[in-house]
Structures are given as structure tokens and as C-alpha cells.
Amino acid sequence: MSQTGYIPEKKTSDDVYILSALVEDKPGVLFRVTNLFRARNFNIESITVGYSESSDLSRMTITTRSDDRTLDQLVKQLRKLIDVVEVRVLNKSNTVYRELALIKMNAQDPTSRAEITNLASVFRGKILDIDKFTLTVEITGTPSKIDAFRNLVSDFGVVQLARTGVSALPRGAA
Amino acid sequence: MKGAEALMRSLEKEGVDIVFGLPGGANLPIYDALVDAKIRHILVRHEQSAAHMADGYARTKRRAGVCFATSGPGATNLITGIATAYADSSPMVAVTGQVPLEMIGKDAFQETDIIGIANPCTKYTFQPRKAIEIPETVKKGFYIAESGRPGPVLIDIPKDVQQDIQDIEFPDLIKVRGYNPAIESDLSTIGKATELLLAAQRPIIMSGGGVILAGAFSELEVLAELLMAPVVTTFKGKGSFPENHPLAMGPIGMHGHAEANKIILEADCILAIGARFSDRSVGRFDEFGKGMNIIHMDIDPAEIGKNKTVDVAIVGDVKSSMKTMIKFLNKKMVKHGTEENSWLQRRKELIDYYTESIKDYPRDLTARKVLKKLREVLPNNAIVTTEVGQCQMWTSLHFDVISPGTFFSSTGLGTMGFGFPAAIGAKAARQNVPVVDIAGDGSFNMSENSLAVSVLENLPVIVVLLNNYMLGMVAQWQRTFYNRRYEGVHLHNCPDYAKIADAYGAQGIKVQSISELENGIRSALKSNLATVIDIPIDPEEDVYPFVAPGTGLKDMIVGS
Ligand SMILES: Cc1ncc(C[n+]2csc(CCOP(=O)(O)OP(=O)(O)O)c2C)c(N)n1
């Protein structure tokens, strides 16, 4: 996306986009970003913030569902924020992205336990915690992989669920 | 040095000669430092007016205006003025006091999260946590407020930070790494735009507030004459182009000039400069500009494609983009002039048609007559501000701005009560010219206490009060869209504004005819006293033309 902006003629239908931003590591920055999304009616599917490669910058990964035109505005409005140093729209085919989910399920009877454990291993999940009543699994992957696991185990009864949202980086030197 | 002294030195270094404000517990150290500073303080009667005064000062000088307020209610009172400046991209630095650092978050007396409140209506906010941070903060604040697309910045200083004594240094250079306002406009897009404009049969220029902010007045004139393009303005752009120029068409929009609203739809190529295609200017976004090439010059990349998809975007300082375009046009040996062609004939035809067909309201004293007379009597370099409502729209329609950059109104936020304090701020910035606020009674009521400031600080402003005893614009909508079911619009000729003026030691004049009005204005100009001229007009006088909200310019209603 160029500085002057690529503006498609027509609004396309909604799609999920991953944005990666480097922002100043100081108080209030997350507030400014989320407030922008609220004030301008942009959608946030997930947002993650943490340390980046530079000690004074944080990396924010935002997934958003929008059409091309709204995305163009969103990127420009983000760039306009003074604490936002860089914003990129990541091309999904050339990006590595992952989400982590912790899922606590009912697992009182031994057959459910065995079944969940099997499913978890198919998904390369890890059993993190187990007690008389529940079993907690960690799954890492694309959001759709996590969705798939969640659907598979829904019959057991999901007691608690925590998802981190997507973290992403472009592949190679991109 | 104390933090508060560092603040004063920093402001002096920025060339600040005047601040508008009102003190309180949390900014007492700042006021103490003000005693010894080379800065004039104008004591306001309400902090909202301090912000509007700083705004009026800023628009006149094209430099950031400065206002001070204490924490809590002082700071929240500033917000309407800050939001007004933000909506109109006016540079401002607002400095608020805050409770001491260790009290923040404890719901202390007069604590308010002003950073959180101000965030959506400022370009940036700062809260220095050590006195040594103040010089850099102020320097960054002015840089951000004044560069790129200007806007307000808020600096919230906890009281202990104002008081702290530290060894303070003043930086000469600062860098804000996430902020790059100086975008070089791309020569190839300017070239492409020039081609489109030269190929056009019916080119038009739509000049917005950005032209005024950039002070690109002579560039606009040269460009219009090279292209032989009629110039319409947005309402915010009113006064970017002399309205008596042979190519001028006046403002477009909801209450734009009929001929301007008409001609823009007939153009085949539009050069929009420093304009944002707001709903008030262009009506429905989807309808506007069909079948024409749109070229958009703006300093803010986020304005490109926000409301309107355009054919060519030129991002960068509009003044330098215009200069480059002029160079390109000169190379093509385009003739300078305003000779007739069929497009310019069409311009004339439209003006003649609407001058003929739009009749004035049938009374002796009408808004139109008042404003035409005012134009006749005022020198061209006088600064005019407006309040909000019918008074504002009548000014747009009937008061021609001749000298560029002498007209200021709250066009983005539409803040009643803006005009009078903004006029005082303008007077503070340019003391040798007359300053007039064209007001409605409802709006003037909102900031009439600034009369004290106008009188005591010797910043005389003339208030031309179009008094219809009504919140007239709202009444017009209730008449038009709600079957005359009036609610909450009658002001009942209360108070008596001439007496109010008198009570403040200003000059109050009530007039009943155009000749009395003329005498009134002349005596105000001569006496150089703060003056309120109360002019009774008919409460049923409507503003026309009218483009109803949610419709397009083509749906303009020309008269009742
Ligand atoms: C602070 C504020 N409150 C309310 C409004 C809504 N409003 C717009 S125009 C108007 C009427 C203004 O009345 P007046 O100042 O008497 O001007 P007139 O329209 O009569 O010329 C009102 C209430 C506003 N623009 N600003």
C-alpha cells in the first residue's frame, strides 16, 4: 500500500486482514489505537501487543474484518497516530501467523479423557493441567485450526477458553 | 529552575506573546511564573472562550494559539474549544494543570482524566512527569500542532511537576519518530493532474480550508487564472479566494450559493484543494462527482479516499503542490487570463439567473440587507467571524470576503459561542484592523461574558447581532421538517443586548433601519470601542438555498 493510498473503485466484500504495527512503548498507546478503532467504526477481531526487536518499540498485531476501502482508511488513520511508527498489511500467503488457545474441558469420565487426549495429540496440542473434573489443553496454530479443535471438543463441554489473538511476521526478508 | 518557569521560557522560545486562560489550584505555579514572563495573559470568564480566543488568534496568525486552564472543571471547560479547533484543523497548544503525580488515580479533588477525554479531539496529548521533560514537550507540542495538518495539542502538567526544581536544558532539535508531516508531493501525479485539467472542457477548482491554513492565496489565484477555471469554495474555504474575483463562485454546500452548487455538477474535471468532501459541502458522497475526473490535493494522506474515491491524489503541502502545478502549466505556455469561453459564459449565465430569480425576504430589515451594508461599510482587511446557525449561513451567502484569510467560522463542529471569543483572539493577533462577529442571539448568549474581556483588555470587537429572538436555524428545521411544531427555540427577546453591552461598559446600539445600522457600524469603527449592534430581524426569515441532509447538491431547494 503506497503512501498516497490504493483506493479500489468499489467496496469489496469483507475479508480478514492482519496488520502489523510498530508502536512507541509508552503508556496510553494501546488506548489511542483501540479508541481510533471505536471512534471510526473499524472492526477488531483480535489485537496483541508485546515487546518487539527494539527495546523502545512494541509490536502490535491486529486482525480486522473489513472491505478494501475501509482497510485503506484504517491503515492511513493508524499511520496518522503519532505513536505509531510503522504499519504494514501482511499478505496472508507470505506471512507466518499463529494464535495460542487454552481450553479447559469437562473430563470426568475416563473415556472423555482419552478422547480429548487423542484429539489434542492430532492437533499437536499439549495437556497443561488435569484434575478430577477437567482437562486443560494448549493449542497453537492458525485461528481456523483453533476453531476446528474447539468445534470438535464442544460436546465435552468447554468450561473456560482463553485465546491470545494472532501474532504474525512476514516470511523471510519480506 | 522550576518546571513552571521552564514552561514560560519554552513558550517564549516558541515566540508566544499572549495566552488566554483562567487560573485555579492545580496551575497556580504556572500563574506564579507568568508574573515574570514576557507573555501577556488575557483573563477569560470561561475556559471555553479561552480556547476559542486561542483559536481565533491562531487562525489569524497561522501560528498556534495558547490557552491555560486548571485541572478538573477548568480542563473540561476547554474541551469544546479544543474540539472546535480539531474539527477545523486549527493549531493550538492547551496547557492544563493536573493534580500532583502521586494523587493521580485517587479521584482527588478536581482530578479528571483530561488526557483520556482530550484524546479523540486532539492531534496529540502529553503529560510530562518530570520538570526536565517540559522544554522538549513544549517544543514537540508546537511542532505537532503547527506542522502538517495543524491541530490542537494538550499538555497536562501535574502540579508537583510545575513546582519541581531541576537543572533544566532547552533542546534546539527534537524528533518525533512516528510523525512525518512533510510529504514531498509526487511530481508524476501533479503532471497527470495537469494533463487532466488541460484536457478538460469544464474545469473547476474547489478550494477548502487547507488553502487558508497553507496561506496559498496567490497560488490559488494564479492557478485559477491559468486554468481559466471558476472557483467554488467549501464553507471552510470561504475567504481562500477573493469573492469579487471574476472567477469566484462562492461556497458550495448545504447553504451554498445556488450558482456554485449548480456549476460544480456541470464540471467535467474538479481540482479539490485542501478540502475533505464533507457531507455539508457535497451532500451525498456516492452521488457527488459522477462522470467527472476528481483531482484531490491534500496534506493529509488519510483524507484521500476517506469520503470520496478520486482519480488523482496529490499528497503534500498544498502550497508547494500548487506551485509545482503552476510551473507545469507555465511550461505548457498556457495563457493567463479570464477571457470568455463557453464555460465561463455558463458561469455568468448561472450567476445572472440566480441573482434574478432569488428574491430577498420581503422586509425592510433583512439579514441579506444587513450583510450587504456591512460589506459596504467595512474595510476589506477587516476580520469577520461568525456564530453558528442562520446568521452563519447568511454570512456565507451574502457577505463577500475580499481579502483572503480574513474570515473565520466554526465550520466543522458548528460551535455556538465560537464567534465572539474567536473575534477577540483575532483582535489580539491583529490589533490594527477592525474585527466583527456576525452573531445570532442564541449563540451570542453563550459567550457574551467575553464582553468583559473585550472591554477590559482593550480588544474591541463589533458584534453585529442578527436578532430573531429565536434559535433560528433550529426553528427553520422545525418549520421545514416538523410541520412548524416549535419546541425549545423561543428566546423571547431576553436579555436586552444593548443593556447587556452597557452593563459591561461596552457600547450597545439598537437599530431599526439600514441607515441606523450604517451609522451604528461607522460609529463603532470610529470609536474603536467594544460594540454590540442589536438588529431585530423577522423570526420567520429562512435561509435559502437549502440542500436537505441526506440529499445531493442536485436536489437543492432554491427558495420557499
Ligand atoms: C453549542 C451548540 N449547541 C447547539 C447547537 C445546535 N444549533 C445549531 S444552530 C442553532 C441555533 C442558533 O441560534 P442563534 O445563535 O440565535 O442563530 P440563528 O440561527 O437564529 O441565526 C442551534 C441551537 C450548536 N450548533 N451548538
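The model is predicted, so local features need pLDDT of at least 70 and side-chain atom pairs count only at pLDDT 80 or more, while totals for chains, interfaces and linings use all residues. Residues are numbered from 1 along each chain as its sequence is written, chains are lettered from A and ligands numbered from 1 in the order in which they are written, and side-chain values use heavy atoms, with hydrogens and water left out.

**Domains of chain A**

Chain A is assigned domain 1 (2–90) and domain 2 (96–170), with bounds taken from an automatic or database domain assignment. The centres of the two domains, taken over C-alpha atoms, lie 29 Å apart. Their contact (heavy atoms within 4.5 Å) involves 10 residues from domain 1 of chain A and 8 residues from domain 2 of chain A. Of the area that domain 1 of chain A buries against domain 2 of chain A, 50% is supplied by Ile18(A), Thr48(A) and Leu90(A), more than any other three residues. The touching side of domain 1 of chain A comprises 3 nonpolar, 5 polar and 2 charged residues.

**Chain A against chain B**

Here 25 residues of chain A are in contact with 23 residues of chain B. One of the salt bridges links Glu24(A) to Arg177(B), with the closest N and O atoms 2.9 Å apart. On the side of chain A that touches chain B, α2(A) gives the largest share, 7 residues. By class, this side of chain A has 8 nonpolar, 5 polar and 12 charged residues.

The table sets out the two interfaces. Buried area is the accessible area (1.4 Å probe) that two parts lose on being put together, summed over both. A salt bridge is a side-chain nitrogen of Lys or Arg within 4 Å of a carboxyl oxygen of Asp or Glu.

| Interface | Buried area | Share on carbon and sulfur atoms | Salt bridges |
|---|---|---|---|
| Domain 1 and domain 2 of chain A | about 620 Å² | 67% | 0 salt bridges |
| Chain A and chain B | about 2000 Å² | 50% | 3 salt bridges |

**A hairpin in chain A**

Strands are DSSP runs (E, at least two residues), numbered from the N terminus, and two strands pair if DSSP finds at least two bridges between them. Strand β6 (residues 126–130) of chain A runs antiparallel to strand β7 (residues 134–141) of chain A, and 4 bridges join them. Asp129(A) has Thr136(A) as its bridge partner in β7(A). With 3 residues between them, β6(A) and β7(A) form a hairpin.

Definitions and conventions:
Nonpolar A, V, L, I, M, F, W, Y, C, P; charged D, E, K, R; others polar.
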